[in-house]
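Please consider the model displayed here.

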Amino acid sequence: LSALDFGLRVRVEASSSQQTIFSGAENFSAQELTSELAVLVARLRVRSFALRGQLEHVTSALMVNVRCGFWPLARRAAFDLAGLLGQARKRCWAHPELAVRAANAALRIAELCAKEAR
């Protein structure tokens, strides 16, 4: 700390063996990204019991449909989940940054589902 007081540079090497959620998400399969999204939704603090129930229900439906390869239904569930997360952010029922990150991941899953359906 005293080095900072004199304006000296301090070099800190930090390396993490654990990747952050959704880093490199463009290379994930739909199932891997869905698993990561489910973890994020589970950790998300939601200030509405009704919205929490809807999030869990739609996330579960998304996981089942992706696992079974029902791509049109999985795509619909991903869009629904993105909408719910957007609503949570807009009404301040969840952390705004995490809700947006999760909604973007849900939209990415919908995109992957559309590719799989073709």
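The structure is a predicted model, with a mean pLDDT of 83 for the protein. Its largest nonpolar core has 30 residues, and helix H4 gives the most to this core. A search of the whole structure finds 0 disulfides.

**Confidence**

- Of the residues of the protein, 76% reach a pLDDT of 70 or more.
- Confidence is highest in H4, at a mean of 95, and lowest in helix H1 (residues 2-5), at 46.
- Over residues 1-6 the pLDDT stays under 50, and the model has 3 contacts beyond four places in sequence for this stretch.
- Residues 19-25 also stay under 50 in pLDDT; for them the model has 11 contacts beyond four places in sequence.
- Where pLDDT is low, predicted coordinates should not be read in detail.

**Nonpolar core**

- Within the largest core, the residues with the most contacts are Leu37, Leu55, Leu62, Val66, Leu81, Leu85 and Ile109.
- Two or more residues of this core come from each of helix H2 (30-43), helix H3 (49-68), helix H4 (71-90) and helix H5 (96-117).
- The contribution of H4 to this core is 9 residues.
- Apart from its neighbours within four places in sequence, Leu85 is in contact with Leu44, Leu55, Ala99, Ala102 and Ala103.

**Helix H4**

- H4 comprises 20 residues and spans 28 Å from its first C-alpha to its last, close to the 28 Å expected at 1.5 Å a residue.
- The buried residues in H4 are Trp71, Ala74, Ala77, Ala78, Leu81, Ala82, Leu84, Leu85 and Ala88.
- Viewed down the axis of H4, these buried residues fall within an arc of 165 degrees, so they line one face of the helix.
- The cover over the buried residues of H4 includes H2, H3 and H5.
- Exposed residues Pro72, Leu73 and Lys90 are carried on the face of H4 turned away from its buried side.
- Just after H4, Cys92 adopts a positive phi of about 60 degrees.

- Threonine 34 lies in helix H2 and is counted as buried because its relative accessibility, 3%, is under the 20% cut-off.
- Beyond its neighbours within four places in sequence, Thr34 is in contact with Leu62, Met63, Val66 and Ile109.
- Leucine 98 is found in helix H5; its relative accessible area of 26% makes it partly exposed.
- With neighbours within four places in sequence set aside, Leu98 is in contact with Leu40 and Leu44.
- The C-alpha atoms of Leu98 and Arg43 are separated by 9.7 Å, although the two residues are 55 residues apart along the chain.

**Cysteines**

- A disulfide is a covalent bond between the sulfur atoms of two cysteines.
- The number of disulfides found in a search of the whole structure is 0.
- Cys92 is exposed, because its relative accessible area of 54% is over the 50% cut-off.
- Cys113, at 0% relative accessibility, is buried, because this value is under the 20% cut-off.

Key. Residues are numbered from 1 along each chain as its sequence is written. This is a predicted model: local features need pLDDT of at least 70, side-chain atom pairs count only at pLDDT 80 or more; totals for chains, interfaces and linings use all residues. Side-chain values use heavy atoms; hydrogens and water are left out. A nonpolar core is a set of buried Ala, Val, Leu, Ile, Met, Phe, Trp, Tyr and Cys residues joined through side-chain atoms within 4.5 Å. Buried means under 20% relative accessible area, exposed over 50%, partly exposed in between (1.4 Å probe, protein chains only). Helices (H or I, at least four residues) and strands (E, at least two) are DSSP runs, numbered from the N terminus. Contact means heavy atoms within 4.5 Å. A disulfide is a pair of cysteine sulfur atoms within 2.5 Å. pLDDT is the predictor's confidence in each residue, from 0 to 100. The expected span of a helix is 1.5 Å times one less than its number of residues. The arc is that of the directions from the helix axis to the C-beta atoms.
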